[in-house]
Amino acid sequence: MKNLYIVGASGCGREVLNIIKDIHAIQGTRWNIIGFLDDNLHALEGIDCDFKVVGTISDYIPQENDVLALGIANPQIKGNLVKMLKEKGAVFETIIHPYVALGRFNTIGEGAVIYSGFGMSVNVHIGNFCTLLACGLGHDVSIGDFSTISSWCNIMGYVKIGNRVFMGGNCAVAPNAVIEDDAYVGVGSVVLRKVKAGNKVFGNPAKSFNY
């Protein structure tokens with residue numbers, strides 16, 4: 001049995017721990033959970049949790065029997081940390097809650113984390129290290145590496161989502177729309193056609209917004 005560390009002890013990391021516990025309760029124990037890796041060794045102070053931060057991400061050295069689960073939602077941070085850890089030889093697991101609808105003829109990349117309530121239909125491509133909460137993906141959707149799609153997002157058919165995209169909760173994306181790399185789609189937004197690379201959009205219909 002592999003020793004599993006969760007990368008990140010924030011809210012997302014603790015949610016990933018919860019998914020892993022559900023996997024063990026429903027499907028049987030798959031990993032020996034060691035604890036969290038986080039550069040803030042005090043990240044769990046004052047928070048109820050039955051596992052601890054056992055070391056920093058930056059100091060972690062992979063051992064032969066180790067695997068990692070990615071507990072970070074920020075797409076850009078995910079990209080940077082995965083690059084650093086894989087250069088050290090780290091191995092990542094794909095974590096999928098048992099209560100999901102995975103459809104048919106779909107592909108899921110390395111290191112993905114998929115929450116309870118997620119669903120997709122057919123001919124969907126999910127890239128590496130995506131974090132997918134309780135959202136829905138229609139037919140022929142593609143999602144690039146390191147992207148995060150929050151709960152209750154409705155991604156309709158033929159939508160193309162790029163790398164390192166973040167979508168807040170309750171977004172809707174119309175059929176054939178395109179969301180390019182590094183875009184940020186704010187909570188409750190409706191994307192009708194296209195979000196350009198690096199843009200932050202909010203509203204219905206979604207429009208660029210500068211802080």
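The model is predicted, so local features need pLDDT of at least 70 and side-chain atom pairs count only at pLDDT 80 or more, while totals for chains, interfaces and linings use all residues. Residues are numbered from 1 along each chain as its sequence is written, and side-chain values use heavy atoms, with hydrogens and water left out.

Start with the sheet. Five strands form an open sheet in the order β8-β11-β14-β17-β20, and their pairing is parallel. Strands here are DSSP runs of E with at least two residues; helices are runs of H or I with at least four; both are numbered from the N terminus. Two strands pair if DSSP finds at least two bridges between them. The edges are β8 (119–120) and β20 (190–191), and each pairs on one side only. Look at β8: two bridges join β8 to β11 (residues 136–137), and these strands run parallel. Gly 119 has Gly 136 in β11 as its bridge partner.

Now the cysteines. A disulfide is a pair of cysteine sulfur atoms within 2.5 Å. The count by this rule is zero. For Cys 12, the nearest cysteine sulfur is that of Cys 130, 13 Å away. Cys 12 is buried, at 10% relative accessibility. Buried means under 20% relative accessible area, exposed means over 50%, and partly exposed lies in between (1.4 Å probe, protein chains only).

Turn to charge. Side chains of opposite charge can pair when their charged atoms come close. A salt bridge puts a side-chain nitrogen of Lys or Arg within 4 Å of a carboxyl oxygen of Asp or Glu. The whole structure has five salt bridges. One of them joins Lys 86 and Glu 110 at 2.8 Å, N to O. Lys 86 lies in helix α2 (residues 75–87) and Glu 110 in the loop between β6 (107–108) and β7 (113–114), so the pair ties together parts 24 residues apart in sequence. Lys 86 is partly exposed at 36%, and Glu 110 is partly exposed at 30%.

Another salt bridge links Glu 180 and Lys 194 at 3.2 Å, N to O. Glu 180 sits in the loop between β18 and β19, and Lys 194 in strand β21 (residues 194–195), 14 residues apart. Is each end exposed or partly exposed? Glu 180 is partly exposed at 26%, whereas Lys 194 is exposed at 52%.
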